[in-house]
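I set out to record, entry by entry, what I looked up in this structure.

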Amino acid sequence: MNILQINASARRATDAEGSVSTRLASELTAGLRAANPTATVTVRDLTVTPQPVLDEAALGALFTPADKRTPEQAARVALDDALIAELQAADTLVIGVPMYNFNVTAQFKNWIDAVARAGVTFKYSEKGPVGLVTGKKVYIVTSRGGVHRGQPSDQMTPYLRTVLAFLGMTDVEFVYAEGMAFAAEQGLAQARAQISELLAA
């Protein structure tokens with residue numbers, strides 16, 4: 001098993017402080033590895049090494065044939081290529097991403113924009129788009145200050161299901177740490193209970 005853990009908070013995490021989503025994602029990854037001792041783990045920490053935004057220069061590099069790119073364009077495309085290679089090599093993804101303003105963080109949106117590449121991770125057909133990143137298990141570990149699960153305010157869960165399915169990933173489980181702004185201990189306990197259930201399954 002090749003596990004790819006993606007930390008997508010704006011904050012770093014320590015053992016007991018900092019990003020809740022990253023701490024819980026690390027706990028889930030540790031549980032998966034304990035059950036699969038030969039598993040390899042790759043950690044992509046978008047807090048420590050943010051992926052640059054998809055801007056006009058990046059689009060220009062992507063739409064320039066590889067043999068005609070400037071060194072700067074080639075270096076920019078290589079950043080996206082590295083994320084795509086990690087995604088393709090993984091069997092299991094553990095994504096730690098908090099809710100900011102009702103949706104994913106900018107850090108994770110930049111990751112999505114980097115890995116969603118026509119002809120590589122998806123393609124268009126006469127019947128519509130076809131995801132090319134298939135056969136992967138995905139765990140989303142998300143923390144929220146309020147309680148949004150199953151509410152109209154949770155635009156994050158349907159968005160993630162949609163974009164991951166667009167790329168071919170439909171086996172997705174969510175872990176929610178909610179109410180962190182006013183009932184943090186309860187939110188952590190509930191999230192850890194969900195993690196235990198997923199690992200037991």
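**Entry 1: The largest pocket**

I sorted the lining of the largest pocket by class and found 8 nonpolar, no polar and 2 charged residues. In this scheme Ala, Val, Leu, Ile, Met, Phe, Trp, Tyr, Cys and Pro are nonpolar, Asp, Glu, Lys and Arg are charged, and the others, Gly among them, are polar. I note that the model is predicted: local features need pLDDT of at least 70 and side-chain atom pairs count only at pLDDT 80 or more, while totals for chains, interfaces and linings use all residues. Residues are numbered from 1 along each chain as its sequence is written, and side-chain values use heavy atoms, with hydrogens and water left out.

The lining consists of Leu54, Leu59, Leu62, Phe63, Asp113, Ala114, Ala116, Arg117, Ala118 and Phe122. A pocket here is an open set of points on a 1 Å grid over the protein atoms alone, where a 1.4 Å probe fits, with protein on both sides within 12 Å along at least five of seven lines; lining residues have an atom within 4 Å of a point. I recorded a volume of about 240 Å³ for the largest pocket; a volume is the space filled by probe spheres set on the points, which are joined across faces, edges and corners. Helices α2 (56-62) and α4 (106-115) each supply at least two of the lining residues. Helices (H or I, at least four residues) and strands (E, at least two) are DSSP runs, numbered from the N terminus.

**Entry 2: The second largest pocket**

I found about 150 Å³ of space in the second largest pocket. Its lining has 5 nonpolar, 5 polar and 2 charged residues, including Ser9, Arg11, Val20, Tyr100, Arg144 and Met180.

**Entry 3: Arg144**

I next looked up Arg144, which lies in the loop between β6 and α5 (156-167). Arg144 counts as buried because its relative accessibility is 2%; buried means under 20% relative accessible area, exposed over 50%, and partly exposed in between (1.4 Å probe, protein chains only). Its side chain makes a polar contact of 2.8 Å with that of Glu178 and another of 3.5 Å with that of Thr157. A polar contact is a pair of N or O atoms within 3.5 Å; within protein, one must be able to donate a hydrogen and the other to accept it, and residues adjacent in sequence count only if both atoms are side-chain atoms.

Does the length of helix α1 (residues 20-35) agree or disagree with its residue count? At 1.5 Å a residue its 16 residues should span 22 Å, and the end C-alpha atoms are 23 Å apart, so the two agree. The expected span is 1.5 Å times one less than the number of residues.

The buried residues of α1 pack against β1 (2-7), β2 (40-45), β3 (92-96), β6 (137-143), β7 (171-177) and α6 (184-200). Ala25 lies in this helix and counts as buried, at 0% relative accessibility. Leaving aside neighbours within four places in sequence, Ala25 is in contact (heavy atoms within 4.5 Å) with Gln5, Val94, Gly96 and Val141.

**Entry 4: Thr47**

I found Thr47 in the loop between β2 and α2. Thr47 counts as buried at 15% relative accessibility. Its side chain reaches the backbone oxygen of Ser9 at 2.7 Å.
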